[in-house]
Amino acid sequence: MAGIETITGRILEEAKKEADRVVSAANGKALDIAVAAGDEIRKAKAENEERIARDKKTYEARTLSSCDILKKKAILFAKQEIIEAVLAKALDTLKGQDKGAYFDMMLGIIKKAVRPEAGVIAFAPGDLERLPADFAAKAAAIAKEAGGTLTVQDEPAKIENGCILIYGGIEENCSLSAIFEANKDRMQDAAAKVLFS
């Protein structure tokens, strides 16, 4: 899993650079908005000096507040896009690992999800086709250690990647997509801390 952390670290570093660029652009946009607001203030002042003198402080405060809100919204939107891109890239990176690393990761996932009972592993079609010859034995050893059994099903599961553990009528979706979705909030928070702290 150290390779995943290294890859994720590089991805997060690239995303941090992109985040800095987007935040800088948002700051520039906020400045443009403030300049445009200043033009509006000068025009209103020319039309009615007395009204502007009385309302100037209130109007400026509202304009600056509006600019600040727009800036914050632009930055928040940019951050959300960056985090989504980082998570998508991390998922793609995990899916695209070489065969050895990918199936070592699958064994780790199975080890966390295995139950002390008889079960079946159903792999995604692409994963089933490239399954290492010794994988079934390694999965069976993990299950035995947990007090159960696991066998690999010949028929593929209807998922994009990863596997499903089947215990009687209960299925545990161990596809990478399902794992990412189940941990999405936690991963978004972690990515946000790394990228924007």
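Author: Helices (DSSP runs of H or I, at least four residues) and strands (runs of E, at least two) are numbered from the N terminus. The model is predicted, so local features need pLDDT of at least 70 and side-chain atom pairs count only at pLDDT 80 or more, while totals for chains, interfaces and linings use all residues. Residues are numbered from 1 along each chain as its sequence is written, and side-chain values use heavy atoms, with hydrogens and water left out.

Reader: In which strand is the place of Val152?
Author: Val152 touches Ile121, Phe123, Leu128, Leu131 and Ala136, where contact means heavy atoms within 4.5 Å and residues up to four places away in sequence are not counted. The C-alpha atom of Val152 is separated by 6.1 Å from that of Ala136, 16 residues apart along the chain. The strand that holds Val152 covers residues 149-152 and is β2.

Reader: Is Val152 buried or partly exposed?
Author: Buried means under 20% relative accessible area and exposed means over 50%, with partly exposed in between (1.4 Å probe, protein chains only). Because its relative accessibility is 22%, Val152 counts as partly exposed.

Reader: In which element of the protein is confidence lowest?
Author: The predictor's confidence in each residue is given as pLDDT, from 0 to 100, and its mean for the protein is 84, with 89% of residues at 70 or more. Confidence is highest in β1, at 96, whereas a mean of 70 marks the element with the lowest confidence, α1.

Reader: Which residues have the most contacts inside the largest nonpolar core?
Author: A nonpolar core is a set of buried Ala, Val, Leu, Ile, Met, Phe, Trp, Tyr and Cys residues joined through side-chain atoms within 4.5 Å. Of the 197 residues of the protein, 34% count as buried. The largest nonpolar core has 36 residues, and those with the most contacts inside it are Met106, Phe123 and Phe135.

Reader: Which element gives the most residues to this core?
Author: Two or more residues come from each of α1 (2-47), α2, α3, β1 (118-123), α5 (135-145), β3 (163-167), α6 (176-182) and α7 (184-196). With 8 residues, the element that gives the most to this core is α3.

Reader: How many residues are in the second, separate core?
Author: The second core is separate, and its members include Ala122, Ala124, Ile164 and Ile166. The number of residues in this second core is 6.

Reader: How many disulfides does a search of the whole structure find?
Author: A disulfide is a covalent bond between the sulfur atoms of two cysteines, and here the term is applied to a pair of cysteine sulfur atoms within 2.5 Å. The sulfur of Cys163 is 4.7 Å from its closest cysteine sulfur, in Cys174, and therefore too far for a bond. Met106 is in contact with both Cys163 and Cys174, as well as with Phe123, Phe135, Gly162 and Leu176, leaving aside neighbours within four places in sequence. Across the whole structure, the number of disulfides found is 0.

Reader: What is the relative accessibility of Cys163, and does it count as buried or exposed?
Author: Cys67 is buried, with a relative accessible area of 7%. Cys163 also counts as buried, because its relative accessibility is 0%.

Reader: Which residues is Val194 in contact with, leaving aside its neighbours within four places in sequence?
Author: Val194 lies in helix α7 and is partly exposed, with a relative accessible area of 46%. Although Val194 and Leu12 are 182 residues apart in sequence, their C-alpha atoms are 7.2 Å apart in space. With sequence neighbours within four places left aside, the contacts of Val194 are Leu12 and Lys16.

Reader: What distance separates the C-alpha atoms of Glu13 and Leu195?
Author: Glu13 lies in helix α1 and counts as partly exposed because its relative accessibility is 48%. Glu13 and Leu195 are 182 residues apart along the chain, and their C-alpha atoms are separated by 7.5 Å.
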